[in-house]
Amino acid sequence: LEVDSLEGYLFPDTYLFERGGHDAEAIIRTMAGQMQKVLAETGAISGQPKAGLNVHQLLTLASIVEKETGQALERPLIARVFLNRLRKRMKLQTDPTVIYGIKDFDGNLTRAHLREPTPYNTYVIRGLPPGPIGNPGRAAIQAIMQPAAGTYYYFVSKNDGSHYFSKSLAEHNRAVSKYQKRRRKHKKRGKQK
C-alpha cells in the first residue's frame, strides 16, 4: 500500500523493545506490521470493506471515530452516524478533523476555524479528508467494520464523556440546546459571581 504519511498506519499499543536494540525503522516496521495484523483480524483487508471504503478510507474514518469518543460502547454508534452521512453525501462536520488541519492549534476551536477551507475541514469539504488524523485502535476499526444499526445522523456531547445521538436535525438541535447551550449559561453565571 503506497501512502504519503504513516499517520493512521501505526498501531497504537504497548511494545517492548530492548534498549538500543532497535532503530527507528525497525520500530516503525513493527507498529505498521501490527496494524496490518489488526486490519486482517477485523476483516478490513480481506475484501470486506464497509460502505465501499478502501483500507485508506477505512483508516481515515476509524481515526475520526477514535478522536470523537473515549467510550468504546459509543464507537459503533459514531461510526454509524458517519457512514450514514457519507452515504447521503452529507458533510461529516467533525471537530477533530478541523483541529487536525489547523497549524499550531491553541486549544480554542472558533467559528472562523469551522469556515476556514483546509483539506481536513469537514465543515467545508464533502466526504472524508485526505487521510487519517491519528492512529486508530482496534475498537475504532471494528466499529467501522461492524457499526451499530440505526438511522442516526447527528450526535452532541452531553458533557459527561458521552453523547446524545439523533435521527433528525430538529432532534439534534433540541439536544444541542439541552446539553450545550445550558452549559454555556452555567459557565457565564459562574464567571459573574
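Six aromatic pairs are found when the whole structure, a predicted model, is searched. One of them joins Tyr 15 and Phe 17 in a stacked arrangement, with the ring centres 6.1 Å apart and an angle of 20 degrees between the planes. Phe 17 is partly exposed, its relative accessible area being 30%.

A tilted pair is formed by Phe 155 and Phe 165, for which the centre-to-centre distance is 5.7 Å and the planes stand at 35 degrees. This pair links distant parts of the chain, ten residues apart: Phe 155 belongs to strand β1 (residues 154–157) and Phe 165 to strand β2 (residues 163–166). Phe 155 is buried because its relative accessible area, 16%, falls under 20%. Phe 165 likewise counts as buried, at 11% relative accessibility. Through ring pairs, Phe 155 and Phe 165 are part of a cluster that also includes Phe 82 and Tyr 152. Over the ring of Tyr 152 sits the charged end of Lys 167, 5.5 Å from the ring centre.

Phe 82 is also one of the buried residues of helix α3, among them Arg 75, Ile 78, Ala 79, Val 81 and Leu 83. The cover over the buried residues of α3 includes α2 (55–68) and α6 (138–145), together with strands β1 and β2. Helix α3 (residues 75–87) has 13 residues and, at 1.5 Å a residue, should therefore span 18 Å; this agrees with the 18 Å between its end C-alpha atoms. Just after α3, Arg 89 adopts a positive phi of about 60 degrees.

How values were computed:
Residues numbered from 1 in each chain as written. Predicted model: local features only at pLDDT ≥ 70, side-chain atom pairs only at ≥ 80, totals over all residues. Heavy atoms only, no water. Phe/Tyr/Trp six-rings, centres within 6.5 Å; stacked < 30°, edge-to-face > 60°. Buried < 20%, exposed > 50% of the residue type's maximum accessible area, 1.4 Å probe, protein only. Helix = DSSP H or I, 4+ residues; strand = E, 2+ residues; numbered from the N terminus. Lys NZ or Arg CZ within 6 Å of the ring centre and 35° of its normal. Expected span 1.5 Å × (residues − 1). Contact = heavy atoms within 4.5 Å.
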